[in-house]
Amino acid sequence: MTKMLGGGEPPTVLPLSEAQLLCEPDSRPQAAVEADRDRPLRGCFVTGTDTEVGKTTSAAGLLSALAQQGLRVAGYKPVAAGAVWQPAVNGTGGHWYNEDVEALHAASNIELTRSEVCPCLLEEACAPHLAARLEGGRIEPELLIAGAHQLMSRCDVLVVEGAGGFCVPLVEAQEISGDLAALDAAAPPRTGTGWGTDDLAVALRLPVILVVGLRLGCINHALLTAEAVVARGLRLAGWIANRIEPAMPHAQLNIDTLTRALQQRHDAPLLGVVAYHAPATAARVADELDVGAVLDALGLRD
Ligand SMILES: Nc1ncnc2c1ncn2[C@@H]1O[C@H](COP(=O)(O)OP(=O)(O)O)[C@@H](O)[C@H]1O
Ligand SMILES: [Mg+2]
């Protein structure tokens, strides 16, 4: 249920149901695939208080900061909804364009194809499970988990960006065909509730970094998200305050309150305050992150 980024035909000549250009099946020997699955992931799962709060911006900044430490880093966007066809330029093949995928691809410092960065790219810019349904298919949890492990075999640190907020449905309960428990024997997903970005984070067992888009209401959203993260047995490794609204009144007081609350309740440190930038490039964001705190938070220090 994915588009093959970097290839394929423009949607104008393909009906949507046929535009599901399936990801290449993993053609490596089964032993190699299983070895990947056994390798624990290193890195983080970046979630946010909402959509459009700066997850991609922060993930790109994290990749850039970690790359500056000499690490081989890869960005991973398991599911992205919203793609436009970019026609071929100067004879080079066209591809499906999505801003998040481009940003994470650009901030990675190992050779990656777009479909490695995002194995499930959906055309419609809406809730992912609905975008998949509109294309006549459904998202495959196994594909998203396997993609992360495959990337991990080629890098030191994986920065995974969720979709939307923390609890976004990816597959609704009635759409689930196989045995979800088989995905993760150690932490089988809740039954009867479908499978979402929170379940994906659990399956990847990565520490979570919470991006808080500073605006009115963000304290409540941040505390609720933090509770949801730890309730699923995940570690909240830290948070990033992102000044998405440059004129927000009392922004620093909001940051102070959240710093205390997230530290006291979840032992989660503030990893950086990102100012409003036009544009908010990965390099600028990297400069504002406390890379030492990031390395500690992710257990990457020797
Ligand atoms: N610190 C910032 N300063 C200025 N613009 C920002 C900042 N952080 C994010 N943005 C902009 O806000 C929009 C949403 O950010 P993005 O990182 O894509 O959020 P998300 O991944 O959570 O949806 C993008 O256009 C991005 O460039
Ligand atoms: Mg994003």
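Visitor: What makes the span of helix H6 (residues 141-152) close to the one expected at 1.5 Å a residue?

Guide: The expected span of a helix is 1.5 Å times one less than its number of residues, and H6, with 12 residues, reaches 17 Å from its first C-alpha to its last, close to the expected 16 Å. Helices here are DSSP runs of H or I with at least four residues, strands are runs of E with at least two, and both are numbered from the N terminus. This is a predicted model, in which local features need pLDDT of at least 70, side-chain atom pairs count only at pLDDT 80 or more, and totals for chains, interfaces and linings use all residues. Residues are numbered from 1 along each chain as its sequence is written, while chains are lettered from A and ligands numbered from 1 in the order in which they are written.

Visitor: Which residues of H6 are buried, and how do you know that they are on the same side?

Guide: A residue is buried if 20 or more other C-beta atoms, placed from the backbone, lie within 10 Å of its own, exposed if 12 or fewer do, and partly exposed in between. In H6 the buried residues are Pro141, Leu144, Gly147, Ala148, Leu151 and Met152. These residues cover an arc of only 135° around the axis (taken from the directions from the helix axis to the C-beta atoms), and therefore lie on the same side of H6.

Visitor: What makes helix H2 (residues 55-67) mostly covered?

Guide: Of the 13 residues of H2, 12 are buried, among them Lys55, Ser58, Leu62 and Leu66. The span of H2 from first C-alpha to last is 18 Å, close to the expected 18 Å.

Visitor: Which residues have the most contacts inside the largest nonpolar core?

Guide: Such a core is a set of buried Ala, Val, Leu, Ile, Met, Phe, Trp, Tyr and Cys residues joined through C-beta atoms within 7 Å. The largest one has 82 residues, and those with the most contacts inside it are Leu158, Val159, Val208, Ile209 and Val212. The largest share of this core, 6 residues, comes from H2.

Visitor: Why is strand S10 (residues 208-213) called largely enclosed?

Guide: Because 6 of its 6 residues are buried, S10 is largely enclosed by the rest of the structure. In a regular strand the side chains alternate between the two faces of the sheet. In S10, Val208, Leu210 and Val212 point one way, Ile209, Val211 and Gly213 point the other way, and all are buried.

Visitor: How do you know that S10 is paired with strand S1 (residues 43-48)?

Guide: Two strands pair if DSSP finds at least two bridges between them, and S1 and S10 are joined in the parallel sense over 4 bridges, with Gly48 standing opposite Val211. S1 also runs parallel to strand S7 (residues 157-161), again with 4 bridges, and there Phe45 has Val160 as its bridge partner. S1 itself is mostly covered, with 6 of its 6 residues buried.

Visitor: Why is Gly238 called buried?

Guide: Gly238, which is found in S11, has 26 C-beta neighbours inside 10 Å and so counts as buried. Contact requires C-beta atoms, placed from the backbone, within 7 Å; leaving aside residues up to four places away in sequence, Gly238 touches residues including Ile209, Leu271 and Ala293. The C-alpha atoms of Gly238 and Ala293 are 8.7 Å apart, although 55 residues separate the two along the chain.

Visitor: What makes Ala81 buried?

Guide: Ala81, in strand S3 (residues 79-81), counts as buried because it has 24 C-beta neighbours inside 10 Å.

Visitor: Where is confidence lowest and where highest?

Guide: On the pLDDT scale, the predictor's confidence in each residue from 0 to 100, helix H1 (residues 30-38) is lowest at a mean of 73 and S10 highest at 99. Over residues 4-24 the pLDDT is below 50, and this stretch has 41 contacts in the model beyond near neighbours in sequence. The protein averages 89, and 87% of the residues score at least 70.

Key
Contact = placed C-beta atoms within 7 Å.
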